[in-house]
Amino acid sequence: MNLPPIAWAILVMGLLWLGLRLWSRKAEQRRQEEREARMAELLAERERMLEARERDAPSSLGAVVSDSAPKAAEQPAERRCLGCRTVNPPDASVCASCGLEL
Ligand SMILES: [Zn+2]
(Lines give C-alpha, C1' and ligand atoms only; values in the text may rest on other atoms or scores of the structure.)
Protein backbone atom coordinates (compact mmCIF):
# COMPACT_ATOMS: atom_id res chain seq x y z
CA MET A 1 0.00 0.00 0.00
CA ASN A 2 1.29 3.40 -0.94
CA LEU A 3 -0.83 5.91 0.91
CA PRO A 4 0.19 9.43 1.93
CA PRO A 5 0.52 10.03 5.70
CA ILE A 6 -2.63 12.18 5.75
CA ALA A 7 -4.65 9.25 4.48
CA TRP A 8 -3.28 7.06 7.27
CA ALA A 9 -4.12 9.75 9.77
CA ILE A 10 -7.66 9.99 8.48
CA LEU A 11 -8.02 6.22 8.52
CA VAL A 12 -6.74 5.99 12.09
CA MET A 13 -8.97 8.81 13.21
CA GLY A 14 -11.94 7.17 11.54
CA LEU A 15 -11.23 3.90 13.31
CA LEU A 16 -10.76 5.71 16.59
CA TRP A 17 -14.05 7.52 16.12
CA LEU A 18 -15.83 4.26 15.32
CA GLY A 19 -14.33 2.59 18.36
CA LEU A 20 -15.24 5.52 20.57
CA ARG A 21 -18.79 5.54 19.29
CA LEU A 22 -19.13 1.82 19.84
CA TRP A 23 -17.65 2.11 23.31
CA SER A 24 -19.87 5.03 24.31
CA ARG A 25 -22.92 3.26 23.00
CA LYS A 26 -22.02 0.20 25.04
CA ALA A 27 -21.44 2.35 28.11
CA GLU A 28 -24.76 4.08 27.58
CA GLN A 29 -26.46 0.70 27.25
CA ARG A 30 -24.83 -0.48 30.46
CA ARG A 31 -25.92 2.68 32.26
CA GLN A 32 -29.45 2.17 31.02
CA GLU A 33 -29.46 -1.41 32.23
CA GLU A 34 -28.15 -0.33 35.61
CA ARG A 35 -30.79 2.35 35.84
CA GLU A 36 -33.53 -0.11 34.99
CA ALA A 37 -32.23 -2.59 37.53
CA ARG A 38 -32.14 0.14 40.16
CA MET A 39 -35.66 1.24 39.31
CA ALA A 40 -36.91 -2.34 39.58
CA GLU A 41 -35.16 -2.63 42.92
CA LEU A 42 -36.73 0.60 44.18
CA LEU A 43 -40.15 -0.46 43.00
CA ALA A 44 -39.80 -3.81 44.72
CA GLU A 45 -38.67 -2.08 47.89
CA ARG A 46 -41.59 0.32 47.75
CA GLU A 47 -43.97 -2.58 47.22
CA ARG A 48 -42.53 -4.31 50.27
CA MET A 49 -42.83 -1.16 52.36
CA LEU A 50 -46.44 -0.63 51.29
CA GLU A 51 -47.25 -4.22 52.10
CA ALA A 52 -45.59 -3.96 55.50
CA ARG A 53 -47.39 -0.71 56.25
CA GLU A 54 -50.71 -2.20 55.26
CA ARG A 55 -50.02 -5.15 57.50
CA ASP A 56 -48.94 -3.02 60.47
CA ALA A 57 -51.30 -0.08 60.04
CA PRO A 58 -54.34 -1.24 62.03
CA SER A 59 -52.40 -2.34 65.12
CA SER A 60 -49.96 0.58 65.25
CA LEU A 61 -52.72 3.13 64.66
CA GLY A 62 -54.80 1.56 67.40
CA ALA A 63 -51.83 1.65 69.77
CA VAL A 64 -51.18 5.32 69.05
CA VAL A 65 -54.82 6.27 69.55
CA SER A 66 -55.32 4.28 72.75
CA ASP A 67 -51.95 5.45 74.05
CA SER A 68 -52.17 9.19 73.52
CA ALA A 69 -55.86 9.93 73.95
CA PRO A 70 -56.21 9.46 77.73
CA LYS A 71 -52.84 11.04 78.47
CA ALA A 72 -53.71 14.16 76.48
CA ALA A 73 -56.95 14.47 78.46
CA GLU A 74 -55.19 14.04 81.80
CA GLN A 75 -52.12 16.18 81.21
CA PRO A 76 -53.55 19.73 81.61
CA ALA A 77 -55.72 18.71 84.56
CA GLU A 78 -53.04 18.71 87.27
CA ARG A 79 -50.95 21.69 88.36
CA ARG A 80 -47.60 20.94 89.87
CA CYS A 81 -46.20 23.32 92.48
CA LEU A 82 -42.87 24.85 91.50
CA GLY A 83 -41.69 24.98 95.09
CA CYS A 84 -42.46 21.57 96.53
CA ARG A 85 -43.53 19.54 93.47
CA THR A 86 -46.88 18.75 94.95
CA VAL A 87 -49.56 17.99 92.41
CA ASN A 88 -52.57 20.19 92.99
CA PRO A 89 -56.08 20.01 91.51
CA PRO A 90 -56.62 22.06 88.34
CA ASP A 91 -58.84 24.66 90.02
CA ALA A 92 -56.40 25.39 92.87
CA SER A 93 -54.77 28.83 92.85
CA VAL A 94 -52.28 28.12 95.64
CA CYS A 95 -50.36 24.99 96.57
CA ALA A 96 -52.22 22.81 99.06
CA SER A 97 -48.93 21.74 100.67
CA CYS A 98 -46.80 24.91 100.94
CA GLY A 99 -49.19 27.72 100.01
CA LEU A 100 -47.13 28.99 97.07
CA GLU A 101 -49.09 30.67 94.29
CA LEU A 102 -49.53 28.39 91.27
ZN1 LIG B 1 -46.05 23.59 97.09
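What pLDDT does the protein average, and what share of the residues score at least 70? In this predicted model, the average pLDDT is 85, and 80% of the residues reach a score of at least 70. Among the elements, confidence is lowest in helix α1, which spans residues 5-74 and has a mean of 85. Confidence is highest in β2, at 93.

The secondary structure comprises 1 helix and 2 strands. Read from the N terminus, these elements follow the order α-β-β.

The packing of the chain can be described through burial and contacts. The protein has 102 residues, of which 1% count as buried. Among contacts with a separation of 6 or more, residues 24 or more positions apart contribute 0%.

The phi angle of Arg85 is near 70 degrees, a positive value in a residue other than glycine. Is Arg85 buried or exposed? Arg85 is exposed, because 10 other C-beta atoms lie within 10 Å, and a residue counts as exposed if that number is 12 or fewer.

Key: Residues numbered from 1 in each chain as written. Predicted model: local features only at pLDDT ≥ 70, side-chain atom pairs only at ≥ 80, totals over all residues. Buried ≥ 20, exposed ≤ 12 C-beta atoms within 10 Å, placed from the backbone. Helix = DSSP H or I, 4+ residues; strand = E, 2+ residues; numbered from the N terminus. Contact = placed C-beta atoms within 7 Å. pLDDT = per-residue confidence, 0-100.
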